[in-house]
Amino acid sequence: MAEELLRKTFQVRGRDFDKAGETAAEIKQILKGLGIDSGLIHRAVVIAFEAEMNVVMYASEGTITFVLTDEDIRLEITDNGPGIENIEMALTEGFSTASDEMREMGFGFGMGLPNIRKNSDGFNIESQVGVGTTVAAMIGLDSSA
Ligand SMILES: Nc1ncnc2c1ncn2[C@@H]1O[C@H](COP(=O)(O)OP(=O)(O)OP(=O)(O)O)[C@@H](O)[C@H]1O
Ligand SMILES: [Mg+2]
């Protein structure tokens with residue numbers, strides 16, 4: 001069994017574009033301070049940032065839980081709705097329901113979830129319409145690209 005070394009949960013507020021990205025930045029600083037390999041940090045930060053932005057853009061509130069074990073980095077992002085109707089479609093590159101306003105801010109390329117999956121060694125998404133979405137991602141500490 002993997003030994004848990006560190007666990008931290010962050011609150012993310014939907015629609016709060018001013019604070020968007022802060023959790024991903026904080027996780028980056030924690031991993032840097034621990035001397036984790038920069039390639040692994042980069043992957044973890046992409047995952048955290050894209051998932052954080054999805055909470056900000058689509059949900060009303062959520063949490064990001066960051067766990068470091070002696071074997072891996074785990075990120076679990078959960079929010080309380082609106083949920084995703086078609087998960088397969090949401091995971092398709094280029095699919096987006098972002099508003100014009102979000103696109104003007106540089107989001108809405110439909111690349112967030114595909115990039116989260118690409119950067120993960122283990123990936124899972126569960127969602128229920130009207131309830132919420134949970135994305136779980138894992139990066140092995142001995143993995144490379
Ligand atoms: N937490 C969520 N709650 C509800 N819907 C979501 C959530 N995350 C993603 N989606 C839906 O899945 C679609 C694809 O998400 P994805 O992150 O891949 O792209 P995007 O957010 O539209 O654009 P980008 O991430 O490139 O800025 C979103 O447009 C949205 O419809
Ligand atoms: Mg996104």
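**Pockets and a ligand: a chat**

Biologist: Into what classes do the residues lining the largest pocket divide?
Modeller: A pocket is an open set of points on a 1 Å grid over the protein atoms alone, where a 1.4 Å probe fits and protein lies on both sides within 12 Å along at least five of seven lines; lining residues have an atom within 4 Å of a point. Gly counts as polar, Tyr as nonpolar, and Asp, Glu, Lys and Arg as charged. On that basis the lining of the largest pocket splits into 20 nonpolar, twelve polar and three charged residues.

Biologist: What kind of model is this?
Modeller: Residues are numbered from 1 along each chain as its sequence is written, while chains are lettered from A and ligands numbered from 1 in the order in which they are written. Side-chain values use heavy atoms, leaving out hydrogens and water, local features need pLDDT of at least 70, side-chain atom pairs count only at pLDDT 80 or more, totals for chains, interfaces and linings use all residues, and the model itself is predicted.

Biologist: Which element gives the most to the lining of the largest pocket?
Modeller: The lining has 35 residues, with Asn 54, Tyr 58, Ile 84, Thr 97 and Leu 113 nearest the centre. H2, strand S3 (72–79), helix H3 (87–90), H5 and strand S5 (132–140) each supply at least two, helices being DSSP runs of at least four residues and strands of at least two. Top of the list, with eight residues, is H2.

Biologist: Which element supplies the largest share of the shell around ligand 1?
Modeller: There are 20 residues around the ligand, and Tyr 58, Asp 79, Ser 96, Thr 97 and Gly 108 come nearest (a near residue has a heavy atom within 4 Å). By class, the shell holds ten nonpolar, eight polar and two charged residues. Helix H2 (38–58) and helix H5 (112–118) each supply at least two. The largest share, four residues, comes from H2.

Biologist: What percentage of the accessible area of ligand 1 does the protein cover?
Modeller: Start with the polar contacts (N or O pairs within 3.5 Å): an oxygen of ligand 1 is 2.8 Å from a side-chain N or O atom of Tyr 58. Backbone N or O atoms also reach ligand oxygens, at 3.1 Å from Phe 109 and at 2.9 Å from Leu 113. Of the 590 Å² that ligand 1 has on its own (Shrake-Rupley, 1.4 Å probe), the protein covers 94%.

Biologist: How many charged residues line the second largest pocket?
Modeller: Its lining includes Arg 13, Asp 16, Lys 19 and Glu 52. Strand S1 (4–13), helix H1 (22–33) and H2 each supply at least two residues, with the largest share, four, from S1. Next to four nonpolar and two polar residues, the charged ones number six.

Biologist: Which residues does the cis peptide bond join?
Modeller: Look in the loop between S3 and H3, where Pro 82 is found. Omega there is about 20°, and the bond joins Gly 81 and Pro 82.

Biologist: What is phi of Arg 15 near?
Modeller: Arg 15 is in the loop between S1 and H1. Its phi is positive, in a residue other than glycine, and is near 70°.

Methods:
Polar contact = N/O pair within 3.5 Å; in protein donor to acceptor, adjacent residues only side chain to side chain.
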